[in-house]
Amino acid sequence: MKRAFVYKDEKSHKFWTIDYSGSDFAVNYGKYGNAGKYEIKEFDSEEECIREAEKLIRSKLKKGYVEDPALDFDNRLYFDDEEIGLHPKTSHPRFTDHFTDDFYYDCSDEEAPFGSDEGHDTLSHFFESIRKNRDLDVEDFPRALIEDNWDMQYLPADTLDEEVVRALMRDKEMDMIQSDMVTYATAFACVKVTGRLSASLRERAIYAIRRLAMMMGYELTPTQNRMIADLSSFECGTD
């Protein structure tokens with residue numbers, strides 16, 4: 001269950017939301033109009049979770065908060081609790097509804113979007129960048145991260161021609177691997193945080209997954225096939 005509350009007086013205008021179900025809840029709070037901070041709390045049972053969530057709600061009402069049933073949970077940015085990490089309740093609803101496999105929240109699976117060091121770092125930088133600038137140029141984000149932050153060359157996966165890929169591998173293999181992992185991690189991060197993804201970034205991410213498998217010399221794995229299928233079926237906005 002998701003509920004939102006606001007508080008306003010002559011000095012402040014704040015919001016507080018809670019999403020509770022199962023044995024955990026997520027709260028999001030801060031200055032109204034900002035993304036705010038997310039925190040996850042876990043319990044031993046669903047009953048305890050509901051009891052503590054409703055206790056918090058009563059506390060907010062006593063402090064002068066009023067419920068805001070019109071708050072649009074889809075038109076928000078979502079960030080993970082730094083202590084808990086990847087979690088469905090700190091992900092955009094469009095992400096949790098569409099990308100349903102557990103590996104999307106796995107921080108140790110090298111093939112998963114955020115399981116590798118590169119994927120984890122991409123998500124962390126994406127969090128930091130879009131907090132500072134909600135109008136972040138996500139199309140250019142992979143290049144900027146690779147070239148401006150990591151001092152490597154960004155090589156977009158714009159072809160799957162085997163001869164071209166093999167030729168680039170001879171001199172630029174590490175740059176290509178980094179570029180591919182960052183590109184598809186960016187696409188998933190974009191949906192996880194904003195709920196949106198452009199068709200062009202989706203296509204680049206799919207090519208990146210395929211090129212990475214080609215470079216490694218193996219057929220697409222079940223995880224990679226699922227990522228491609230899920231990206232392909234995700235409804236994108238206009239570029």
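Mentor: Start with a term. A strand is a DSSP run of E covering at least two residues, and strands are numbered from the N terminus. Keep in mind that this is a predicted model.

Trainee: Which element gives the largest share of the lining of the largest cavity?

Mentor: Two strands each supply at least two residues of that lining: β2 (13-21) and β3 (24-31). One of them contributes three residues, the largest share. That strand is β2.

Trainee: How many cavities of 30 Å³ or more are there, by the rule used?

Mentor: A cavity holds points where a 1.4 Å probe fits but cannot get out. With the volume cut-off of 30 Å³, the count comes to one.

Trainee: How much space lies in the largest cavity?

Mentor: Its lining includes K2, T17, I18 and D19. Y38, F73, R76, Y78 and K89 are also among the lining residues. The space inside is about 80 Å³.

Trainee: How many residues of that cavity lining are charged?

Mentor: Sort the lining by class. Five residues are nonpolar and two are polar. Asp, Glu, Lys and Arg count as charged, and the lining has K2, D19, R76 and K89 among its residues. The charged count is four.

Trainee: Now the largest pocket. What is its volume?

Mentor: A pocket is an open set of points, unlike a cavity, where the probe cannot get out. For the largest pocket, the volume is about 550 Å³.

Trainee: Of the residues that line the largest pocket, which are the closest to its centre?

Mentor: The lining has 20 residues. Eight of the lining residues are charged, with nine nonpolar and three polar. The closest to the centre are D80, D81, E82, E83 and G85.

Trainee: Which element gives the most to the lining of the largest pocket?

Mentor: Two elements give two or more residues to this lining: β4 (37-42) and α3 (117-132). The top contribution is six residues. It comes from α3.

Trainee: On to the sheet. In what order do its five strands run?

Mentor: Strands of a sheet pair through backbone hydrogen bonds, either parallel or antiparallel. Here the sheet is open, and the pairing is antiparallel. The order is β4-β3-β2-β1-β5.

Trainee: Why is one side of β4 and of β5 left without a neighbour in the sheet?

Mentor: Look at where β4 and β5 (66-67) stand: at the edges. One side of each is left without a neighbour because each has a single partner strand.

Trainee: In β5, what is the bridge partner of F5?

Mentor: Strand β1 (residues 2-8) and β5 pair in the antiparallel sense, over two bridges. F5 has its bridge partner in β5, and that partner is E67.

Trainee: How does R226 count by relative accessibility: buried, exposed or partly exposed?

Mentor: Buried means under 20% and exposed means over 50%. D101 has 22%, so it counts as partly exposed. R226 has 32%, so it also falls between the cut-offs and counts as partly exposed.

Trainee: Which residues are linked with R143 in a network of salt bridges?

Mentor: R143 meets D140 at 2.7 Å, N to O. R143 also meets E147 at 3.2 Å, N to O. E147 and R143 both lie in helix α4 (residues 141-149), about one turn of the helix apart. The network links R143 with D140, E147 and D148.

Trainee: Last one: R94. Which residues does R94 touch, not counting those up to four places away in sequence?

Mentor: R94 is placed in helix α2. At 30% relative accessibility, R94 counts as partly exposed. Contact means heavy atoms within 4.5 Å. By that cut-off R94 touches G195, R196, F234 and E235.

How values were computed:
Residues are numbered from 1 along each chain as its sequence is written. This is a predicted model: local features need pLDDT of at least 70, side-chain atom pairs count only at pLDDT 80 or more; totals for chains, interfaces and linings use all residues. Side-chain values use heavy atoms; hydrogens and water are left out. On a 1 Å grid over the protein atoms alone, a cavity is a set of points where a 1.4 Å probe fits but cannot get out, and a pocket is an open set with protein on both sides within 12 Å along at least five of seven lines; lining residues have an atom within 4 Å of a point. Grid points are joined across faces, edges and corners, and a volume is the space filled by probe spheres set on the points. Helices (H or I, at least four residues) and strands (E, at least two) are DSSP runs, numbered from the N terminus. Buried means under 20% relative accessible area, exposed over 50%, partly exposed in between (1.4 Å probe, protein chains only). A salt bridge is a side-chain nitrogen of Lys or Arg within 4 Å of a carboxyl oxygen of Asp or Glu. Two strands pair if DSSP finds at least two bridges between them.
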